[in-house]
Structures are given as C-alpha cells and as structure tokens.
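Please look over the structure below before reading on.

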Amino acid sequence: MKVVIVGGGIGGLTTALMLHQAGIEVQVYESVPEVKPAGVGINLLPHAVKRLAGLGLPQDLYDVAIPTETLTFFNKFGQQIWSEPRGLGAGYRWPQFSIHRGELQVILHKTAVARLGQENVRTGHHFENYENRADGIVAQFRDTANQRLVQVKADVLIGADGIHSTVRERIHPGEGPPVWSGIVMWRATTEMEPFMGGRAMIMAGTPPHKFVCYPISTEAEKQGRSLVNWIADIRVGGPSPYKREDWSQRANMETVLKYFEGWKFDWLDIPTLVSKATTVWEYPLMDREPFARWTDGRATLLGDAAHPMYPMGSNGSSQAILDAEAITAALLAEPGVEKALERYESERRPATAGVVLANRQSGPERVMKLADDLAPQGFDDIDKVIPHAERQSIADDYKRLAGFDIATVNAD
Ligand SMILES: Cc1cc2nc3c(=O)[nH]c(=O)nc-3n(C[C@H](O)[C@H](O)[C@H](O)COP(=O)(O)OP(=O)(O)OC[C@H]3O[C@@H](n4cnc5c(N)ncnc54)[C@H](O)[C@@H]3O)c2cc1C
C-alpha cells in the first residue's frame with residue numbers, strides 16, 4: 001500500500017506521520033518551495049492533542065505552545081457571560097494548546113522529514129490532476145523549480161490541500177470558490193503584559209462584532225510577557241471584495257480600532273492591545289457547503305479541503321487531525337482501498353458536516369449572541385438573562401458535536 005498526500009499543512013503532515021507509524025508507505029507533496037511559519041494563532045483541542053500524543057509530539061508542543069486554562073465569554077460592556085476551565089484544568093487527560101500555526105506546521109514538517117525521510121516529504125510540487133486506473137491512481141504534480149510534470153503512482157491519493165483544494169475541484173468540477181459570510185476577520189499578535197493570569201482565552205461582544213484573544217508563546221511567557229493572538233470579526237456585508245481568501249493580505253490598524261473604541265475593561269484594554277500589534281492581517285470568513293461525497297475511486301479529501309469551516313469553537317486543525325486518525329484506521333482495518341475510503345468517509349463526513357453547520361450558527365459563541373439579544377444594554381445578573389443550565393448546555397452540546405466532550409476524550 002502506498003499513499004500520496006497532496007498538501008503539507010496541518011492535516012497532510014499529521015496524516016503522513018500516522019500512516020508512517022502504522023507501517024504504510026506514504027509521500028507528501030507540498031506546493032510551496034519552503035515551509036515557513038505562516039499564519040497566526042490556532043488552538044489544538046484535547047481530542048487533537050491526544051492524537052498528537054500518540055505520535056510522541058506533546059513535548060515539542062509544550063516547548064512552544066500555551067496550555068490554555070480558561071475560556072471566558074463577555075458582552076460588549078465587558079460583563080462576564082460564561083467562563084469554563086479548559087484542558088487539564090477541566091479534567092481532560094490532555095491539554096488544550098494555543099499555538100502559532102506556523103510553529104505547529106514547522107514541528108510537524110521537521111518530524112515528518114526526520115521519520116519519513118526528505119525524499120518522502122517533497123516541497124515545490126504543485127498538484128494538478130489525477131487519473132484513477134484499475135491498478136492504482138496516478139497523480140500529476142508540477143515541479144515549481146523547473147516546471148516539469150512529475151507523475152506519481154499510488155494506491156490512494158489524499159487531498160489535504162486546504163480551502164482552495166485542487167483535488168476537491170477535480171473530484172467536484174464546477175463547485176466554484178468558497179462562500180463568503182459577509183464577515184471580515186482581522187488577525188494579529190501583540191506582545192504585552194499578561195491578562196487574566198496569562199493563560200486565558202477570551203471572547204467579547206457578539207458574533208459578528210466580536211473580539212477574541214489568547215496568548216500563544218512560551219517564549220514570551222518565560223520573559224513574564226504574553227504574545228497575544230487576537231482576532232476581530234466584523235460583518236461588513238455586500239458583495240465579496242475578495243478574489244480569494246488569502247492568509248497574507250495586510251490591513252490597516254485604524255480600520256480595526258474604529259470598531260472597538262471604548263472597549264477598555266478592567267480585565268483587558270482592547271484598543272491598546274490592537275494599537276500595539278505588529279502587522280494586522282485581513283481575512284474573509286468563508287466556508288463551503290458540506291458535500292454528499294468526498295471520494296472518487298482512489299482519491300479522497302481531508303481537513304479544510306474536505307470541510308472548510310468558520311473558526312468558531314477553535315476546531316479547524318483539530319478536525320483535520322481527527323480525519324488523519326480515521327483514514328489511517330480505515331486503511332488498516334479494510335482489505336480493499338474502496339472499502340477503506342468508504343469507511344473513512346462514512347465516519348468523518350457526517351461528523352464534520354455537523355460542525356460546519358453548527359459553526360454557521362456561531363458554535364459555542366451562540367451564548368454571546370443570546371446575551372446580546374436578551375440584554376442589549378447589559379445586565380446586573382447573567383443568571384436572570386440566561387440561566388446557568390442553559391449556558392452550560394450550549395457549551396456541552398458543542399463539545400459533544402465536535403467530539404471533545406470529556407468522557408469521549410478521556411476514554412481509552
Ligand atoms: C498559509 C496559511 C496560513 C494559515 N493561517 C491560519 C491562522 O492564522 N489561523 C487559523 O485558524 N488557520 C490558519 N490557516 C488554516 C489552518 O491551517 C487550517 O484551517 C487547518 O489547520 C486545517 O489544515 P489543513 O491541513 O486542512 O489545511 P492547510 O493548513 O491550509 O494546509 C493546506 C496545504 O496544502 C498546500 N497546497 C495547496 N494547494 C496545493 C496544491 N495544488 N498542491 C500541493 N499543495 C498544495 C498549502 O500550501 C498548504 O500547505 C492557515 C492556512 C495556510 C495555508
């Protein structure tokens with residue numbers, strides 16, 4: 001059995017490491033010529049960290065990532081709606097890590113090169129097409145250094161090539177670009193004094209006028225500082241001004257500041273945090289309709305290529321890591337490729353479609369929307385606005401849906 005993976009992002013590299021650990025021959029083909037730390041912060045939830053622990057990676061993660069201890073929702077007046085412990089403090093056997101996406105990718109890439117060999121983790125190879133044959137699948141890549149076409153034969157092709165997946169386009173020609181929600185996200189990092197104890201994730205406001213932030217670096221923590229990743233979401237509406245969502249589009253800080261004037265709370269001064277950012281990146285909030293089929297013969301999809309989702313509930317990377325485990329298990333369990341891909345898809349497609357749809361309704365952030373609808377001028381007592389049991393059930397329901405309720409994660 002030989003598997004070819006298109007895309008050396010979070011999902012593709014994790015899948016490669018899992019397949020290799022299972023004794024399956026695997027090669028990764030990544031489009032960019034060099035893997036550099038791109039992006040800003042992301043979260044790995046305990047169910048994903050559990051899977052990475054199976055690959056022996058948590059120490060590398062502990063070296064760079066913040067084990068997030070609390071998640072707290074506030075309204076736009078800075079009043080607390082809901083707070084819960086996260087990761088180990090919540091009783092999980094694995095932490096929740098807040099980490100720079102690029103650092104995570106570099107850890108995975110280095111580990112893949114060390115374990116699989118450089119020759120099996122190729123960069124500068126841009127996927128163009130595939131052909132299903134009776135005895136295998138042939139993938140075509142463009143070598144970006146010399147523009148030569150490279151053909152690779154395998155038993156299975158996994159498209160882990162992100163939200164603009166070419167593999168997806170080949171499986172479903174004519175689907176078109178991702179769908180813009182009308183919401184713009186601005187993302188940046190700011191170095192500052194720690195807030196709320198230094199390992200807190202907060203969300204303030206209401207979707208879609210919301211501010212999210214959390215620290216992501218142990219390096220800063222060792223100096224008594226926090227490198228805080230922040231995301232500001234605003235609905236601007238209208239027709240999409242974006243040709244394509246792009247992680248490297250810069251934005252003007254003043255644009256963000258005007259939406260958060262006066263958001264100075266005793267637990268955090270948001271305008272100061274925004275104004276001290278290094279570079280602000282602009283990114284349109286997009287996803288795609290869940291599909292009825294991920295697989296075509298020996299080709300299938302994984303991660304954002306299969307189920308791009310709004311980043312509500314911190315699930316994008318974690319769901320890609322769950323896909324990686326599921327496809328490895330299916331390829332080990334089933335004698336034929338067809339049956340294995342059917343098994344993988346039937347497990348993961350409905351599960352991830354549920355998360356995509358829940359995230360369109362703001363996922364666990366629904367509680368902020370509810371508080372804003374019921375008490376637009378703020379409240380004296382949140383229990384009188386939304387009873388504790390209802391807030392608890394919003395939090396619990398989302399965890400169950402996305403597969404990280406504590407009983408499921410802690411079970412062996
Ligand atoms: C540059 C970049 C920055 C990001 N920054 C953030 C961030 O700050 N916060 C956040 O929450 N999420 C970010 N994401 C998205 C996040 O990584 C994913 O939502 C999540 O981790 C799922 O991972 P994935 O492996 O499915 O997709 P991705 O991590 O997007 O990986 C897809 C990979 O496929 C490669 N690729 C694309 N097309 C081809 C092709 N034709 N042939 C070969 N390779 C191809 C890409 O270069 C990329 O390395 C970013 C993604 C990218 C690509």
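The cover over the buried residues of helix H11 includes strand S5 (70-74), strand S6 (80-85), strand S14 (200-206), strand S15 (209-215) and helix H13 (388-401). Helices (H or I, at least four residues) and strands (E, at least two) are DSSP runs, numbered from the N terminus. This is a predicted model, in which local features need pLDDT of at least 70 and side-chain atom pairs count only at pLDDT 80 or more, while totals for chains, interfaces and linings use all residues. Residues are numbered from 1 along each chain as its sequence is written, and side-chain values use heavy atoms, with hydrogens and water left out.

- Val367, Met368 and Ala371 are buried in H11; buried means under 20% relative accessible area, exposed over 50%, and partly exposed in between (1.4 Å probe, protein chains only).
- These residues lie on the same side of H11, because they cover an arc of only 105° around the axis; the arc is that of the directions from the helix axis to the C-beta atoms.
- Ala375 sits in the loop between helix H11 (366-374) and helix H12 (382-385).
- With a relative accessible area of 10%, Ala375 is buried.
- Ala375 and Gly303 are 72 residues apart along the chain, and their C-alpha atoms are separated by 38 Å.

**Helix H2**

- Helix H2 (residues 46-53) is mostly covered, with 7 of its 8 residues buried.
- The buried residues of H2 are Pro46, His47, Ala48, Val49, Lys50, Arg51 and Leu52.

**Backbone details in loops**

- Pro208 is in the loop between S14 and S15, and the peptide bond from Pro207 to Pro208 is cis, with omega near 10°.
- Gln147 is not a glycine, yet has a positive phi of about 65°.
- The loop that holds Gln147 runs between strand S10 (136-143) and strand S11 (149-154), and Gln147 is partly exposed at 48% relative accessibility.
- Met196, also not a glycine, has a positive phi of about 45°.
- Met196 belongs to the loop between strand S13 (179-192) and S14, and is partly exposed, with a relative accessible area of 33%.

**The whole chain**

- The chain has 14 helices and 19 strands.
- Buried residues make up 57% of its 412 residues.
- Among contacts (heavy atoms within 4.5 Å) between residues at least 6 apart in sequence, 74% join residues at least 24 apart.
- Along its principal axes the C-alpha trace spans about 70 × 45 × 45 Å.
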